[in-house]
Amino acid sequence: MSLFVPKFDETVIVRDADAEVLGGDPTGVKLLADSSASGGALSTVRVTLAEGADGARPHVHHNSAEMFYLLDGAAEVLSGDDVVTAERGDLIIVPPDRPHAFAAAPGATADLLIVIAPGVERFEYFRHLQRIRLGELTPESLLEVQERYDNHFLKSEAWDTRRG
């Protein structure tokens with residue numbers, strides 16, 4: 001096991017009013033701190049999901065763990081072959097190479113703080129998703145940037161069955 005020591009000298013402060021927001025209803029993403037801001041320590045975003053809305057389809061990160069903290073509401077989170085429902089105040093950490101996905105639970109909204117550690121430059125990934133939502137890029141264009149963002153999509157029978 002190797003020890004990763006991030007390299008940055010200044011405290012990172014992101015004011016709510018200054019954070020870039022992408023999307024809206026049914027899915028909003030507030031970009032908080034990218035990997036470059038924290039010397040590679042982490043990347044963090046806040047995701048708000050309308051009632052029953054999908055957040056991210058099944059995928060893995062080979063080089064980072066992902067943490068989901070439920071600020072409010074309820075979310076379904078895939079971890080491996082298990083789909084668990086997390087509620088306000090719950091924390092889920094998915095290790096590298098473990099399939100995962102998330103969505104607002106049926107009949108509920110969800111407000112999640114998501115942290116990836118060590119960090120990956122992810123803000124451009126979320127901007128890419130926004131361009132797909134706006135019809136400027138195709139959904140298939142995500143396949144071309146999987147390596148860059150360490151975001152590798154896959155199929156999950158457990159997720160498909162639960163989210164059907």
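Two rings of Phe, Tyr or Trp count as a pair here if their centres lie within 6.5 Å. With that cut-off, a search of the whole predicted model turns up three aromatic pairs. One of them brings together F68 and F102, whose ring centres sit 5.3 Å apart with 55 degrees between the planes, a tilted arrangement. This pair bridges distant parts of the chain, since F68 belongs to strand 5 (residues 65–79) and F102 to strand 8 (residues 100–104), 34 residues apart. Both F68 and F102 are buried.

Another tilted pair is made by Y125 and Y149, at 5.6 Å centre to centre and again with 55 degrees between the planes. Y125 is part of helix 1 (residues 123–133) and Y149 part of helix 2 (residues 146–149), so their contact ties together parts 24 residues apart in sequence. Y125 is buried, at 7% relative accessible area, and Y149 is buried too, at 6%. Ring pairs also bring in F126, giving a cluster of Y125, F126 and Y149. Elsewhere, a ring meets a charged side chain: R57 lies over the face of F153, 4.2 Å from the ring centre.

Turning to the strands, strand 3 (residues 43–49) has five of its seven residues buried, so the rest of the structure largely encloses it. Strand 3 has antiparallel partners in strand 2 (residues 27–33), through six bridges, and in strand 9 (residues 110–117), through seven. On the strand 9 side, L49 stands opposite A110.

Terms used
Residues are numbered from 1 along each chain as its sequence is written. This is a predicted model: local features need pLDDT of at least 70, side-chain atom pairs count only at pLDDT 80 or more; totals for chains, interfaces and linings use all residues. Side-chain values use heavy atoms; hydrogens and water are left out. Buried means under 20% relative accessible area, exposed over 50%, partly exposed in between (1.4 Å probe, protein chains only). Helices (H or I, at least four residues) and strands (E, at least two) are DSSP runs, numbered from the N terminus. Two strands pair if DSSP finds at least two bridges between them. Rings of Phe, Tyr and Trp (its six-membered ring) pair if their centres lie within 6.5 Å; planes under 30 degrees apart count as stacked, over 60 as edge-to-face and the rest as tilted. A charge sits over a ring if NZ of Lys or CZ of Arg is within 6 Å of the ring centre and within 35 degrees of the ring normal.
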